[in-house]
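I opened my notebook to record what I looked up in one structure.

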Amino acid sequence: EDVLEEAIQPVKWGLDYPFPKLTRLTYGLKEGGEIIGIGAAPGCGKSTLFQQLQKHLVYNHRQQIAIYDIEEGPVIGLKKLIGSVLNKPIHLPECVYNVDEAREVGKTFNGYAHFYGGDSENWEEVVDSIRYYAAKGVKYFFIDPLSALVEHLNSSEANTELGKIMRAMRKFRKHLNLVFDNRLRCRLKQVNLRF
């Protein structure tokens, strides 16, 4: 009886993805919180997919996002995000681009894109940061790659730690309605995705 009124309400579509077919297949990014994992072999475009989604959330939905670019840090993370807007790989030395134009694009993320710059092996520090950003109204979190948080551990310890991390994310999702996008490095024989 105490959940009946909520249970009979029509389900709402989530925010659209930058890919219409993915939006149709998933009903969009759920506003009630969810955990999304993206896994593929190195070089398949996981980070590029992340950047497209980050850019879409900021530019199309005016949503605040928190980016945990664990391996490369906040400077390269922002550089890649700016490059995704300019459609140029400005994080590579051979790329020629207008620095003033890049600066102006970078300014468009002020107040919307928050970059984590902490210790990549310290999940508790990441948790504190998630709480901080959630208190500021951030609902969308990108951890790239999640596996970097456990690389320093042996296989058994890594599995235990990943379980702890996923339990924490589920609690955040449930109690704070947060959305987590995680990039995982893994080996796959072949993946064919078309959006």
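**Entry: the model.** I noted before anything else that this is a predicted model.

**Entry: H4 and H5.** How do the axes of H4 and H5 cross? I found that helix H4, residues 73–86, and helix H5, residues 99–107, have axes that come within 9 Å and cross at roughly 105°. Angles of 65 to 115 degrees count as roughly perpendicular, so H4 is roughly perpendicular to H5. I then listed the residues that make the contact: Ile82, Val85 and Leu86 come from H4, and Glu101, Ala102, Val105 and Gly106 come from H5. Sorted by class, the contact of H4 with H5 has 5 nonpolar, 1 polar and 1 charged residues.

**Entry: H6 and H7.** On the H6 side I wrote down Trp123, Glu124, Val127, Ile130, Arg131 and Ala134. They meet Glu161, Lys164, Ile165, Ala168, Met169, Phe172 and Leu176 in H7. The residues of this contact divide into 9 nonpolar, no polar and 4 charged.

**Entry: aromatic rings.** How many aromatic pairs does a search of the whole structure find? I got 7. I looked up the pair of Phe50 and Phe142, which is edge-to-face, with 5.3 Å centre to centre and 75° between the planes. Phe50 sits in helix H3 (residues 46–61) and Phe142 in strand S4 (residues 140–144), so I noted a link between distant parts of the chain, 92 residues apart.

**Entry: Glu34.** I found Glu34 in strand S1, residues 34–40. Is Glu34 buried or exposed? Its relative accessibility is 14%, and the cut-off for buried is under 20%, so Glu34 counts as buried. The side chain of Glu34 reaches the backbone nitrogen of Lys30 at 3.0 Å. Leaving aside neighbours within four places in sequence, I listed the contacts of Glu34 as Tyr17, Gly28, Leu29, Arg173, Leu178, Val179 and Phe180.

**Entry: Thr48.** Thr48 lies in helix H3 and counts as partly exposed, at 44% relative accessibility. I checked Thr48 against Leu81: they are 33 residues apart in sequence, and their C-alpha atoms are 9.0 Å apart in space.

**Entry: backbone angles.** I kept one general point in mind: most residues other than glycine have a negative phi, and most peptide bonds are trans. Which form does the peptide bond from Asp144 to Pro145 take, cis or trans? I read it as cis, with omega near -10°. Pro145 lies in the loop between S4 and H7.

Arg62 has a positive phi, near 50°. I placed Arg62 in the loop between H3 and strand S2 (65–69), where it is partly exposed at 44%. Asn87 also has a positive phi, near 60°. Asn87 is in the loop between H4 and H5, and at 70% relative accessibility Asn87 counts as exposed.

Methods. Residues numbered from 1 in each chain as written. Predicted model: local features only at pLDDT ≥ 70, side-chain atom pairs only at ≥ 80, totals over all residues. Heavy atoms only, no water. Helix = DSSP H or I, 4+ residues; strand = E, 2+ residues; numbered from the N terminus. Buried < 20%, exposed > 50% of the residue type's maximum accessible area, 1.4 Å probe, protein only. Polar contact = N/O pair within 3.5 Å; in protein donor to acceptor, adjacent residues only side chain to side chain. Contact = heavy atoms within 4.5 Å. Axes fitted to C-alpha atoms, helices over the stretch in contact; angles between N-to-C directions. Parallel < 35°, antiparallel > 145°, perpendicular 65-115°, else oblique. Nonpolar A, V, L, I, M, F, W, Y, C, P; charged D, E, K, R; others polar. Phe/Tyr/Trp six-rings, centres within 6.5 Å; stacked < 30°, edge-to-face > 60°.
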